[in-house]
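Q: Could we go through this model together, beginning with the backbone and then turning to the ligands?

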Amino acid sequence: MPDLPPSTGGRLTGLGVSQGRAAGPVIRMAAPPTLPPPRPVTDPGAEASAVAKALTAVAADLNRRATAARRSPSTGATGTAAAGAGEAGAPGPDDASAGDEAAEILEALAMIAEDPMLLEDAESRARDGMDAAHALDAAFTQHREALAALGGYLAERAADLDDLKHRAVAFALGLPMPGLPAPGHPYVLVAADLSPADTAGLGPDVLALITERGGPTSHTAILARGRGLPAVVACAGIMDVPDGTVVGVDGGTGEVAVGLTEEQAAVVREDDRAERARLAAGSGPGRTKDGHPVKLLLNIGSAKDLRPGAEGVGLFRTEFLFLDRTTAPAFEEQVAAYAEVFAQAETVIVRTLDAGTDKPLPFLGLPAEPNPALGVRGLRVDRLLPDVLDTQLDAIAEAARKTGAEAWVMAPMVTTTAEAAGFARRARARGIARVGAMVEVPAAALRAGQLLREVDFLSIGTNDLAQYTFAADRQHSALADLLDPRQPALLELIAMCAEAGQEAGKPVGVCGEAAGDPLLAPLLVGLGVTSLSMAPVCVPAIREALAGLTLAECRDRAMAALS
Ligand code: PEP
Ligand code: MG
């Protein structure tokens, strides 16, 4: 592709984590306000009226967004509450209902902000001498606790009160309201950082994401890639770019051209369209130039991510279905979500819930830990909450029965052979056809042969395997070089797993982000992996990369990289 056009505001560079190009005006997402120390109050009446003004402003803003969402279905996203529909910039068939759904959520939130009891409580605290921001904070906190105590659906809505509180407190402090913007037109979202839940809730009016922090294999980057949304992380200086500045974003190289004209922006968008069309023209199963088959599979978070052109699903990240849930998803709800995918894809590898670290699942209620990446996450949650895995395995088995699909399941963060054996026993007891283990911990790679005596396949999660091999937090932008999967130590672990697979005659795939990198994919094939699973947007480029090399050439690359 040609370079991004020259721009008046210069260039910023971060890490390109989701390929593709976009151009449009920047809108920054404000962070939730930090409550300053209480302010001495001289006029309680003025504080009480500031409280009322803040709540009215929050409700008015939400109602304005609801109207915009109804008018243009692509403008309704709100924090964790409303899910986006369709691909960025390309409204999908569900957009009208998504717009209505988003509008209804926004209107419901506005009603909470206008709740007379909430107003009365906050005003009375202000009249008793609290400043407006503290009065609002205290009233919202009280309401949140009351809702949480009621349990069920209402408890689930308690998290929405935090979002409203942040908005009201920000208004009272004279700061911009936090949360995802909804300007009513397509834009490039800029943030210091984004949570996976924020990213999952982005509306289709977001053209691209740029964050100041974040690592290449963080779950926010993964979610962006899953949606085909160009994304750049670790982009120093991006928060200084004023709202409305038109930028060009290259999610492959990590370049951001600041200050484009509308004509230049149109050129960037056209380059992107042409490149996507060129890549999408390829089809068929994954093969090297000399016909060695390599299954090309999809990484998905729900049925919405499915795209034609791949040979199945290699990683269904089931925790993405429930990121914003404060109550456990019921058995029937899980059956429906899994069955929806089984009904549309031939082979589906379902990963059981991988909660923890940057993907907290609030409904699990796990205790806070000092070092969460090394704590109770993935399969380890089973030590505290065995019912969660039992229910999920039951639901997967039931969904397979209902759809006639052959379910494959695998567990995240398997560390020992005993863990793999225990997981396999429980899955097989439910009639699940194929049981696997993810290799994300060096201990599991070192014992790949033993693991394969217990399970039918391995799937290498290079994102975590790199994190744990190099002792480098995958979300840390300053450690990206250590997380580079080209490092020989990581490649050696992958080679060990692939060799163990060949000896056992069982499949060993890669489902970490490395599988979707056109420079790395041939190398992984050269190391002996049998499938590559990636974000749907990556499939055409990987198919093209493999088709250009023989298996022997892939092996030469692997040998060169290892040495
Ligand atoms: C991985 O760790 O490589 C992986 C595929 O799992 P996740 O990115 O969801 O942790
Ligand atoms: Mg992982």
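Q: Is Met413 buried or exposed?
A: Met413 is buried, at a relative accessible area of 1%; buried means under 20%, exposed over 50% and partly exposed in between, with a 1.4 Å probe and protein chains only. This is a predicted model, in which local features need pLDDT of at least 70 and side-chain atom pairs count only at pLDDT 80 or more, while totals for chains, interfaces and linings use all residues. Residues are numbered from 1 along each chain as its sequence is written, chains are lettered from A and ligands numbered from 1 in the order written, and side-chain values use heavy atoms, without hydrogens and water.

Q: What is the phi of Met413, and where is Met413 found?
A: Its phi is near 60 degrees, a positive value in a residue other than glycine. Met413 belongs to the loop between strand S12 (407-411) and helix H13 (417-428); helices (H or I, at least four residues) and strands (E, at least two) are DSSP runs numbered from the N terminus.

Q: And what about Thr357?
A: Thr357, also not a glycine, has a positive phi of about 50 degrees. It lies in the loop between strand S11 (348-351) and helix H11 (381-384), and it counts as partly exposed at 25% relative accessibility.

Q: Changing topic: which residues coordinate the magnesium ion?
A: Glu440 (OE) and Asp464 (OD) coordinate the ion, ligand 2, at 1.9 to 2.0 Å. Donors are N, O and S atoms within 2.8 Å of the metal (3.2 Å for Na, K and Ca), and the site may look incomplete because water is not among the atoms.

Q: Where in the chain do Glu440 and Asp464 lie?
A: The pair links distant parts of the chain, 24 residues apart: Glu440 is in the loop between strand S13 (434-439) and helix H14 (442-446), and Asp464 is in helix H16 (residues 462-469). Glu440 is buried at 2% relative accessibility, and Asp464 is buried with a relative accessible area of 2%.

Q: How many residues surround ligand 1?
A: There are 17 around ligand 1, the closest being Arg317, Arg351, Gly461, Asn463 and Arg474; a residue is near a molecule if one of its heavy atoms lies within 4 Å of it. H16 gives the largest share of this shell, three residues.
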